[in-house]
Amino acid sequence: MVTMEALIFLSTLVFGFLCHLSIVALAKSHYQACSTVDPCQAFVLYKLRDDLTLLDVAGMFGTGTDVLLEVNDLGFAGNGSISAGTLVKVPQSCACIGGSRRGNSTVYVVKAGDTLFEIARSFGNFVTYQQIAIANGIPNPDLIFPRQQFVIPFPCACDEGIGQARPAVFLSYRVQSEDDLAVVAKNYNTTVDDLMRVNCIPNSALTARDIIYIPLADIFTPSRLVKVRAATFSESLRV
């Protein structure tokens with residue numbers, strides 16, 4: 001006779017195996033495994049620093065202020081006067097590279113005095129300096145030069161049957177210390193169950209600084225995505 005404890009153990013093993021097939025954990029950034037080469041539209045949630053304007057953010061991520069205004073429903077309030085700490089959704093082209101999904105539309109040009117650690121931090125620590133080095137074939141992370149161009153490999157996700165029944169666009173979100181799944185689900189008009197399935201989370205616990213994916217099917221309509229996708233993918237073609 002199979003005991004309840006054995007069933008729980010077996011279900012945990014199955015859950016972990018299935019999650020391993022879809023999510024590859026690297027440090028605290030989770031890369032979605034992929035097999036299709038077509039890129040998709042994705043978003044990163046960036047917390048505005050006090051020394052940046054919306055124009056600065058647009059330049060950092062290789063997009064336009066008009067796109068950021070459209071995506072974030074900022075209207076005319078976005079003309080450089082957004083408060084520090086504002087959470088800004090930034091579009092990304094999410095490509096399948098080396099068997100995992102990552103952003104390929106943000107390119108950083110190295111300035112004198114830069115380090116990979118500081119570059120990673122300037123992008124909200126969505127990626128580590130090691131991940132930037134690997135993505136760009138940098139043999140020595142301590143040796144970079146002005147005017148070098150590095151792709152920032154943001155973790156991202158495409159709708160490959162890991163989320164909801166209907167197609168979704170995914171937002172890469174960096175967990176804050178005060179977050180829990182119920183609050184995140186409510187803030188982004190999704191469900192706890194969807195968040196757990198998308199991110200292979202076995203329970204409702206979240207760890208600060210982890211990256212999770214949030215389905216945004218109810219927020220971005222097809223007509224709005226056409227404009228954003230056109231702008232984002234035109235930038236990714238430069239890489």
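A disulfide is a pair of cysteine sulfur atoms within 2.5 Å. A disulfide is also a covalent bond between the sulfur atoms of two cysteines. The legends below describe a predicted model. A search of the whole structure finds three disulfides.

**Close-up 1. A left-handed disulfide joins Cys40 to Cys158.** The sulfur atoms of Cys40 and Cys158 sit 2.0 Å apart. The torsion about this S-S bond is -90°, and the link is left-handed. Cys40 belongs to strand β3, while Cys158 is in the loop between β7 (149-151) and β8 (170-174), so the bond ties together parts 118 residues apart in sequence. Are these two cysteines buried or exposed? Cys40 is buried, and Cys158 is buried too.

**Close-up 2. Cys34 and Cys96 form a disulfide.** Here the S to S distance is 2.0 Å. The torsion about the S-S bond is about 95°, so this disulfide is right-handed. The pair links distant parts of the chain. Cys34 lies in the loop between β2 (29-32) and β3 (40-47). Its partner, Cys96, lies in strand β4 (residues 87-97).

**Close-up 3. Cys94 pairs with Cys156 in a disulfide.** The S to S distance for this pair is 2.1 Å. About the S-S bond the torsion is about 90°, so the disulfide of Cys94 and Cys156 is right-handed. Which parts of the chain does this pair tie together? Cys94 comes from strand β4 and Cys156 from the loop between β7 and β8, so parts 62 residues apart in sequence are tied together. Cys94 is buried, as is Cys156.

**Close-up 4. Helix α3 has buried residues, and Asp73 follows the helix.** This helix covers residues 65-72. Which of its residues are buried? They are Val67, Leu68, Leu69, Val71 and Asn72.

**Close-up 5. Helix α7 has buried residues, and Cys200 follows the helix.** The helix runs over residues 192-199. Asp194, Leu195 and Met196 are buried here, and so are Val198 and Asn199.

How values were computed
Residues are numbered from 1 along each chain as its sequence is written. This is a predicted model: local features need pLDDT of at least 70, side-chain atom pairs count only at pLDDT 80 or more; totals for chains, interfaces and linings use all residues. Side-chain values use heavy atoms; hydrogens and water are left out. Helices (H or I, at least four residues) and strands (E, at least two) are DSSP runs, numbered from the N terminus. Buried means under 20% relative accessible area, exposed over 50%, partly exposed in between (1.4 Å probe, protein chains only).
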